[in-house]
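Colleague: I would like to learn how to read a model like this one. Can we go through it together?

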Amino acid sequence: MKFVIAIIKPFKLDEVREALAGIGVAGMTVSEVKGFGRQKGQTEIYRGAEYSVNMLPKVKLEIATTEELAPKVVETIQQTASTQSIGDGKIFVLDLASTTRIRTGETDETAL
């Protein structure tokens, strides 16, 4: 099993969610987060004054998936979330040791 974590731009969330549902992803956890990468934030102008925003709003997706589906999940997120501009985000893939469904006690892939 794999645990996929993706940090994407907020306006891409609905498009990515629909694309993942289309390949068979049954569920995910979504969190609103802030952070920065290589761009170190950005400069914005508000009421004529320029100021620096060094923590940009992002959305974090967490998806537990099977070993077989993980590459397709990564590919789908990468293609759907891309705007071809700086700050599009990152995707991390981790090994997932175990999963347990609380309601039924099912474990591992049957719990997904």
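The dialogue below takes the sheet, then the helices, then the salt bridges.

Modeller: This is a predicted model: local features need pLDDT of at least 70, side-chain atom pairs count only at pLDDT 80 or more, and totals for chains, interfaces and linings use all residues. Residues are numbered from 1 along each chain as its sequence is written, and side-chain values use heavy atoms, with hydrogens and water left out.

Colleague: In what order do the strands form the open sheet?

Modeller: Strands of a sheet pair through backbone hydrogen bonds, either parallel or antiparallel. Helices (H or I, at least four residues) and strands (E, at least two) are DSSP runs, numbered from the N terminus. Two strands pair if DSSP finds at least two bridges between them. Here four strands line up as β2-β5-β1-β6, with antiparallel pairing. The edges are β2 (29–35) and β6, each pairing on one side only. From one strand to the next, the twist averages 20°.

Colleague: How many bridges join β2 to β5?

Modeller: Seven, and the two strands run antiparallel; β5 covers residues 56–65.

Colleague: Which strands does each helix touch?

Modeller: Contact means heavy atoms within 4.5 Å. Axes are lines fitted to C-alpha atoms, for helices over the stretch in contact, and angles run from 0 to 180 degrees between N-to-C directions. Helix α1 (residues 13–22) lies across β1, β2 and β5, at about 10° to β5. Helix α2 (residues 70–81) packs on the sheet and touches β1, β5 and β6; its direction makes about 5° with that of β1.

Colleague: At what angle do α1 and α2 pack?

Modeller: Two packed helices are described by the angle between their axes and the distance between the axes. For α1 and α2 the angle is about 150°, and the axes are 9 Å apart. Their crossing is right-handed. A crossing is left-handed if the near helix is turned anticlockwise from the far one by less than a right angle, and right-handed if clockwise.

Colleague: Which residues of α1 and α2 meet?

Modeller: From α1 come Glu-15, Val-16, Ala-19 and Leu-20; from α2 come Val-73, Thr-76, Ile-77, Thr-80 and Ala-81. By class, this contact has six nonpolar, two polar and one charged residues. Ala, Val, Leu, Ile, Met, Phe, Trp, Tyr, Cys and Pro count as nonpolar, Asp, Glu, Lys and Arg as charged, and the others, Gly among them, as polar.

Colleague: Is Thr-76 buried or exposed?

Modeller: Buried means under 20% relative accessible area, exposed over 50%, partly exposed in between (1.4 Å probe, protein chains only). Thr-76 is buried, at 9%. Leaving out residues up to four places away in sequence, Thr-76 touches Ala-19, Leu-20 and Ile-23.

Colleague: How many salt bridges are there?

Modeller: A salt bridge is a side-chain nitrogen of Lys or Arg within 4 Å of a carboxyl oxygen of Asp or Glu. By this rule there are six. One of them links Asp-95 and Lys-2, with the closest N and O atoms 2.4 Å apart. Asp-95 lies in β6 (residues 89–95) and Lys-2 in β1 (residues 2–8), so this pair ties together parts 93 residues apart in sequence. Asp-95 is exposed at 63%, while Lys-2 is buried at 16%.

Colleague: How far apart are the closest N and O atoms of Lys-12 and Glu-15?

Modeller: They are 3.3 Å apart in that salt bridge. Lys-12 is buried at 10%; Glu-15 is partly exposed at 41%. Another salt bridge joins Glu-106 and Arg-101 at 2.8 Å, N to O. Shared partners also join Lys-2, Glu-67 and Asp-95 into one network.
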